Amino acid sequence: MNAITDKLIFLIYPILFASLFLGAKISKKNEWNEEAFSLSQMKAIQGFAAVCIMLHHIAQKTCAPWINKMYIRHGLDVFVPIGYWLVGIFLFCSGYGLYVSYKKKENYFKGYFKRRVLPLILAFYSTGWLFLLVRFLMKQRMQRQDVIWFATGLKLSNPNAWFVIAMPYLYLVFYLSFRFCKNQKISIIILCTLTLAYIILGTCINHNDFWMKGEWWYNSIHFFPIGVIFAANEEKITAHIKKFYILYFLLTLLLILPLYALSEWTQAAFSYYGEMWHADHVVLRRWVCLISQMLASCSFVFFVFIAGMKIKIGNRFLAFMGGLTLEFYLIHGLFIELFGFNFIDVAKSIYYIKNVALFTAVVFILGLLSAVLLQKFHNLLLHGVKKRN
């Protein structure tokens with residue numbers, strides 16, 4: 001019986017397929033999805049990506065090769081290594097959306113930080129403090145200094161919150177690039193330079209307990225300026241892609257697996273973790289690994305949006321998830337830790353759900369309910385801030 005119930009997790013793949021393509025429309029020959037880069041389409045794609053990121057985090061807790069073999073439960077293995085691909089979708093959409101809003105809205109930078117950065121900071125601390133509270137309830141042993149680090153956010157109480165630290169930096173970079181320079185080409189050069197500076201900094205920092213503690217902090221950041229560059233040249237780029245659509249569609253699709261295999265081989269051969277071996281040229285080794293990952297993720301993300309030029313997706317589920325991506329991204333990990341084989345490797349979980357299908361269902365349902373409540377709470381606080389001003 002257990003063997004049968006263990007296989008239930010494989011139902012996730014047809015469920016994902018149905019949730020993505022329910023209500024989808026495929027354009028006929030010589031016709032295009034004119035809403036390929038609309039807000040509704042972008043939100044639908046991000047909503048689906050948010051669910052896949054949840055599956056990525058669950059996979060890391062159930063079938064990742066680095067966990068104890070006694071806890072490995074297969075089924076979501078395909079999601080283990082592709083988290084940065086999925087985050088790349090969000091960063092591309094963020095860069096694209098910022099530029100489009102900047103061009104369309106007069107006085108766009110008035111109240112910019114309150115609109116763009118404040119919600120991120122609020123979500124970062126509210127979920128971080130919630131994780132800290134749960135750490136106390138789980139009786140994690142912490143020194144007073146650790147509590148201060150977690151409370152201030154200098155150490156991540158919520159392990160998935162790195163994204164919310166990177167985004168304000170990118171929003172600041174966009175502001176500095178376009179607020180004070182009227183030449184678009186120079187603004188984009190400044191944007192790319194400052195983004196590159198962030199990546200260089202990330203590759204120069206060894207693994208530690210504070211910020212930028214691993215490659216996942218910077219191996220998808222390049223999609224933010226790519227999104228901006230695409231938005232600035234959308235008409236030219238899409239016209240060119242349409243002219244050679246089959247070529248680009250097949251090229252990006254067929255390169256995904258070979259480039260993924262290349263990136264996996266490169267990481268095995270050179271390793272981001274070269275410092276663990278006291279190896280020479282650690283930063284160079286990281287850059288070799290990073291470039292291989294960039295190539296693989298670009299093939300995947302470009303394919304997603306090229307396919308979107310022909311396939312219009314959208315249904316109530318994707319629209320609903322697309323409106324909750326930030327809160328859902330930040331909170332679902334709490335339930336992965338509470339019901340996984342342990343709690344963030346520092347305490348026993350409240351209950352270990354061994355069946356991956358049940359585990360996934362519990363994480364999704366509780367994560368979704370919590371995300372809705374969090375969003376209502378955040379909106380209430382943000383409304384109060386706006387009222388005072």
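# Exercises on a predicted model

Glu215 is buried yet has no salt bridge, and Arg286, the nearest side chain of opposite charge, is 7.1 Å away. The structure is a predicted model. Work through the exercises with the structure open.

## Exercise 1: a buried charge

Task: Find where Glu215 lies, and list which residues Glu215 touches, not counting residues up to four places away in sequence.

Solution. 
Step 1. Glu215 sits in the loop between H9 and H10.
Step 2. List the contacts. Glu215 touches His207, Tyr272, Tyr273 and Gln293, with residues up to four places away in sequence not counted.
Step 3. The cut-off is a side-chain nitrogen of Lys or Arg within 4 Å of a carboxyl oxygen of Asp or Glu.

## Exercise 2: the salt bridges

Task: How many salt bridges does the structure hold? Find each pair, then sort the partners into buried and partly exposed.

Solution. 
Step 1. Count. The structure holds 3 salt bridges.
Step 2. Take Glu35 and Lys312. Their side chains meet at 3.2 Å, N to O. This pair links distant parts of the chain, 277 residues apart. Glu35 is in the loop between strand S1 (25-26) and helix H3 (39-62), and Lys312 is in strand S2 (residues 311-312).
Step 3. Sort this pair. Buried means under 20% relative accessible area, exposed means over 50%, and partly exposed is in between. Glu35 has 35% relative accessibility, so Glu35 counts as partly exposed. Lys312 has 28%, so Lys312 is partly exposed too.
Step 4. Take Glu337 and Lys61. Their closest N and O atoms are 2.7 Å apart. Glu337 is in helix H15 (residues 325-339) and Lys61 is in helix H3, so the pair links distant parts of the chain, 276 residues apart. Both Glu337 and Lys61 are buried.
Step 5. Take Asp146 and Lys155. Their side chains meet at 3.4 Å, N to O. Asp146 is partly exposed because its relative accessibility is 22%. Lys155 is buried because its value is 13%.

## Exercise 3: an enclosed helix

Task: Why is helix H10 described as largely enclosed by the rest of the structure? Follow Val228 as a worked case.

Solution. 
Step 1. Count the buried residues. Helix H10 (residues 223-232) has 10 residues and 8 are buried, so the rest of the structure largely encloses the helix.
Step 2. Name them. The buried residues are Phe223, Phe224, Pro225, Gly227, Val228, Phe230, Ala231 and Ala232.
Step 3. Find what they pack against. The partners are helix H4 (83-104), helix H8 (162-179), helix H9 (184-204), helix H11 (234-243) and H13.
Step 4. Zoom in on Val228, in helix H10. Its relative accessibility is 0%, so Val228 counts as buried. Leaving aside neighbours within four places in sequence, Val228 is in contact with Gly95, Tyr96, Tyr99, Phe174, Phe178 and Leu191.
Step 5. Compare sequence with space. Val228 and Gly97 are 131 residues apart in sequence, and their C-alpha atoms are 8.0 Å apart.

## Exercise 4: nonpolar residues, inside and on the surface

Task: Which residues have the most contacts inside the largest nonpolar core, and which residues form a nonpolar patch on the surface?

Solution. 
Step 1. Start inside. The largest nonpolar core has 121 residues. Those with the most contacts inside it are Leu76, Ile89, Trp162, Phe174, Phe178, Ile221 and Phe305.
Step 2. Look at one of them. Ile89 touches Ile45, Ala49, Phe300, Val301, Val304 and Phe305, not counting residues up to four places away in sequence.
Step 3. In soluble globular proteins, nonpolar side chains tend to be buried together.
Step 4. Move to the surface. Leu262, Trp265, Phe270, Ile291 and Leu295 form a nonpolar patch with about 480 Å² of accessible area together.
Step 5. Trace the patch to helices. H12 (245-270) and H13 (282-308) each supply at least two residues. H12 gives the largest share, 3 residues.
Step 6. Check Phe270, in helix H12. Its relative accessibility is 32%, so Phe270 counts as partly exposed.

## Exercise 5: positive phi

Task: Where do Ser271 and Ile344 lie, and are they buried or exposed?

Solution. 
Step 1. Recall the rule. Most residues other than glycine have a negative phi.
Step 2. Take Ser271. Its phi is positive, about 70 degrees, although Ser271 is not a glycine. Ser271 lies in the loop between H12 and H13. Its relative accessible area is 6%, so Ser271 is buried.
Step 3. Take Ile344. Its phi is positive, near 50 degrees. Ile344 lies in the loop between H15 and helix H16 (356-388). At 16% relative accessibility, Ile344 counts as buried.

Terms used:
Residues numbered from 1 in each chain as written. Predicted model: local features only at pLDDT ≥ 70, side-chain atom pairs only at ≥ 80, totals over all residues. Heavy atoms only, no water. Patch = residues over 30% accessible without salt bridge, like charges linked within 9 Å, V, L, I, M, F, W, Y side chains within 5 Å. Areas by Shrake-Rupley, 256 points an atom, 1.4 Å probe, with all protein chains shown as cover. Buried < 20%, exposed > 50% of the residue type's maximum accessible area, 1.4 Å probe, protein only. Core = buried A, V, L, I, M, F, W, Y, C linked by side-chain atoms within 4.5 Å. Contact = heavy atoms within 4.5 Å. Lys, Arg positive; Asp, Glu negative; His and termini not counted.
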